[in-house]
Amino acid sequence: MRADIQELLDDCGKPGWDGYSAAPIVQTTAGHAEHFCILLAMAGFELPPAIPEPGGAIGFEWEDDHANWFIASVEPNGMASVVANMTPTSQDGSLLPMLEA
C-alpha cells in the first residue's frame with residue numbers, strides 16, 4: 001500500500017480525527033483508494049499525495065499554474081466522485097493538461 005494512504009489509516013482512523021466530527025478513514029476505503037492509484041498509474045498518470053476528507057473518503061487533488069484544479073474522492077463504498085475547475089488550454093479543447101499521460 002502507498003505510504004501516504006497507510007499514514008491516513010494511522011492518523012485518521014478514529015472518529016473525530018479532525019478535532020470535530022470527521023468520519024474515520026477505514027481499511028476498505030484505503031483499499032479502494034489503492035486500487036484507484038494502481039489504475040491511474042497503469043495509465044501513466046502522476047498521482048498527488050492522498051488527503052483525508054471529513055466524510056471518510058480519501059481525496060487526490062491536481063492543480064496547475066493556470067488556476068485549474070481537479071479533485072477525485074474515493075468513497076468508503078468504492079465510488080469515486082470528481083470536482084473540477086478547468087478552462088481549455090489547447091486548440092483541441094483539452095481540459096486536463098495536468099493529468100495527461
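Which residues does Glu34 touch, not counting residues up to four places away in sequence?

Modeller: Glu34 touches Met1, Arg2 and Ile5, once residues up to four places away in sequence are set aside. Touching here is contact, that is, heavy atoms within 4.5 Å. Two notes on reading the model. It is predicted, so local features need pLDDT of at least 70 and side-chain atom pairs pLDDT 80 or more, while totals for chains, interfaces and linings use all residues. Numbering starts from 1 along each chain as its sequence is written, and side-chain values use heavy atoms, leaving out hydrogens and water.

Glu34 sits in helix α2, which covers residues 27-42. Helices (H or I, at least four residues) and strands (E, at least two) are DSSP runs, numbered from the N terminus. Glu34 is buried, yet no salt bridge involves Glu34. Buried means under 20% relative accessible area; exposed is over 50%, and partly exposed lies in between (1.4 Å probe, protein chains only). A salt bridge needs a side-chain nitrogen of Lys or Arg within 4 Å of a carboxyl oxygen of Asp or Glu. For Glu34, the nearest side chain of opposite charge is Arg2, 5.3 Å away. Lys and Arg count as positive, Asp and Glu as negative; His and the chain ends are not counted.

Arg2 has a partner elsewhere. Its side chain meets that of Asp4 in a salt bridge, at 2.5 Å from N to O. Side chains of opposite charge can pair when their charged atoms come close. Arg2 and Asp4 are both buried. By this rule the structure has 1 salt bridge.

Pro49 joins this picture. Pro49 lies in the loop between α2 and β1, the latter being residues 50-52. Along the sequence, Pro49 and Asp4 are 45 residues apart; in space, their C-alpha atoms are 6.5 Å apart. Neighbours within four places aside, Pro49 contacts Arg2, Asp4, Gly59 and Phe60. Is Pro49 buried or exposed? Its relative accessible area is 59%, so Pro49 is exposed.

Back to helix α2, which also holds Ile38. At a relative accessible area of 40%, Ile38 is partly exposed. Ile38, Leu39 and Met42 make a nonpolar surface patch, with about 330 Å² of accessible area together. Patches take residues with over 30% relative accessible area and no salt bridge; nonpolar side chains (Val, Leu, Ile, Met, Phe, Trp, Tyr) are joined within 5 Å, like charges within 9 Å. Areas come from the Shrake-Rupley method with a 1.4 Å probe; for residues, only the protein chains shown count as cover.

Trp17 is partly exposed, at 25% relative accessibility. Its contacts beyond four places in sequence include Asp11, Cys12, Pro24 and Pro52. Trp17 and Pro52 are 35 residues apart in sequence, but 9.8 Å apart from C-alpha to C-alpha.

Next, the rings. The structure holds 2 aromatic pairs. One of them joins Trp62 and Phe70: the ring centres are 5.5 Å apart and the planes stand at 65°, so the pair is edge-to-face. Rings of Phe, Tyr and Trp (its six-membered ring) pair with centres within 6.5 Å; planes under 30 degrees apart are stacked, over 60 edge-to-face, the rest tilted. Trp62 is buried at 6% relative accessible area. Phe70 is buried too, at 14%.

Finally, the whole chain. There are 2 helices and 4 strands, running α-α-β-β-β-β from the N terminus. Of the 101 residues, 34% are buried. Among contacts between residues at least 6 apart in sequence, 44% join residues at least 24 apart. The chain exposes about 6100 Å², with carbon and sulfur atoms supplying 57% of that area.
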